[in-house]
Amino acid sequence: MQTLLPLATEIGARLKARGETVGISESSSGGLISAALLSVPGASAYYRGGGVIYTPQAFRGLMGLDRSVMTDGMRSSTEPYARLMARTIRGRLQADWGLCETGASGPGGNGYGDASGHTCVALVGDGGMEVSRTLETGLDDRVENMRLFAMDALELLHAALA
């Protein structure tokens with residue numbers, strides 16, 4: 001967590017200076033993205049909320065989604081899914097930015113065949129801006145993967161705010 005705090009502090013300062021907000025949808029990072037952003041004093045100025053969307057129950061209950069949105073073979077732990085979740089959390093929380101992380105922290109892979117250390121992150125903003133990417137750490141270390149996944153998501157947001 002300590003390695004995430006400097007980046008979260010910079011993100012918080014940039015969001016506050018711009019008068020913008022963010023909503024977070026995360027899974028394999030287990031809440032670390034939100035925890036890092038919330039560790040910054042004054043986070044209520046920019047943090048709209050977030051959820052750990054780890055199960056189908058959270059997908060339905062917290063995101064208000066059902067399987068009908070999963071078109072063209074879309075599934076968890078993919079870039080299209082990450083973009084969908086970033087769009088959804090942004091809309092549900094009426095935030096300027098929607099940030100999502102979805103993957104397999106380990107020590108084993110997920111049920112879709114993705115290896116431990118696989119994650120996809122996505123960021124959605126104004127004007128139809130959507131960006132996503134995939135990270136493969138190659139690690140089986142669950143805790144380290146969670147930290148790396150959170151760092152990758154925060155770096156994506158940080159770059160967009162530059």
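The legends below describe close-up views of a predicted model. Local features need pLDDT of at least 70 and side-chain atom pairs count only at pLDDT 80 or more, while totals for chains, interfaces and linings use all residues. Residues are numbered from 1 along each chain as its sequence is written, and side-chain values use heavy atoms, with hydrogens and water left out.

View 1. Strands here are DSSP runs of E with at least two residues, helices are runs of H or I with at least four residues, and both are numbered from the N terminus. Two strands pair if DSSP finds at least two bridges between them. Angles run from 0 to 180 degrees between N-to-C directions, and axes are lines fitted to C-alpha atoms, for helices over the stretch in contact. Strand 1 (residues 22-26) pairs with strand 2 in the parallel sense over 5 bridges. In this pairing V22 stands opposite Y47 of strand 2.

View 2. Contact means heavy atoms within 4.5 Å.

**View 3. Strand 4 and its two antiparallel pairings.** Strand 4 is mostly covered, with 7 of its 7 residues buried. Buried means under 20% relative accessible area, exposed means over 50%, and partly exposed lies in between (1.4 Å probe, protein chains only). In a regular strand the side chains alternate between the two faces of the sheet. From strand 4, H118, C120, A122 and V124 point one way, and T119, V121 and L123 point the other way. Strand 3 and strand 4 run antiparallel and are joined by 7 bridges; G103 stands opposite T119 of strand 4. Strand 4 also pairs with strand 5 in the antiparallel sense, over 7 bridges, and A122 has S132 of strand 5 as its bridge partner. The hairpin of strand 4 and strand 5 has 5 residues between the strands, and G127 in this hairpin takes a positive phi near 70 degrees.

**View 4. The contact of helix 1 with helix 5.** The axes of helix 1 (residues 5-18) and helix 5 come within 10 Å and cross at roughly 35 degrees. The crossing is left-handed, meaning that the near helix is turned anticlockwise from the far one by less than a right angle; clockwise would be right-handed. Helix 1 contributes L7, E10, I11, R14 and R18, and helix 5 contributes M151, L154, E155, L157, H158 and A160. By class, the contact has 6 nonpolar, 1 polar and 4 charged residues. Ala, Val, Leu, Ile, Met, Phe, Trp, Tyr, Cys and Pro count as nonpolar, Asp, Glu, Lys and Arg as charged, and the others, Gly among them, as polar.

**View 5. The aromatic pair F59 and Y81.** A search of the whole structure finds 1 aromatic pair. F59 and Y81 are stacked, at 6.2 Å centre to centre and 20 degrees between the planes. Rings of Phe, Tyr and Trp (its six-membered ring) pair if their centres lie within 6.5 Å; planes under 30 degrees apart count as stacked, over 60 as edge-to-face and the rest as tilted. F59 belongs to helix 3 (residues 56-61) and Y81 to helix 4, 22 residues apart. F59 is buried at a relative accessible area of 7%, and Y81 is buried at 6%.
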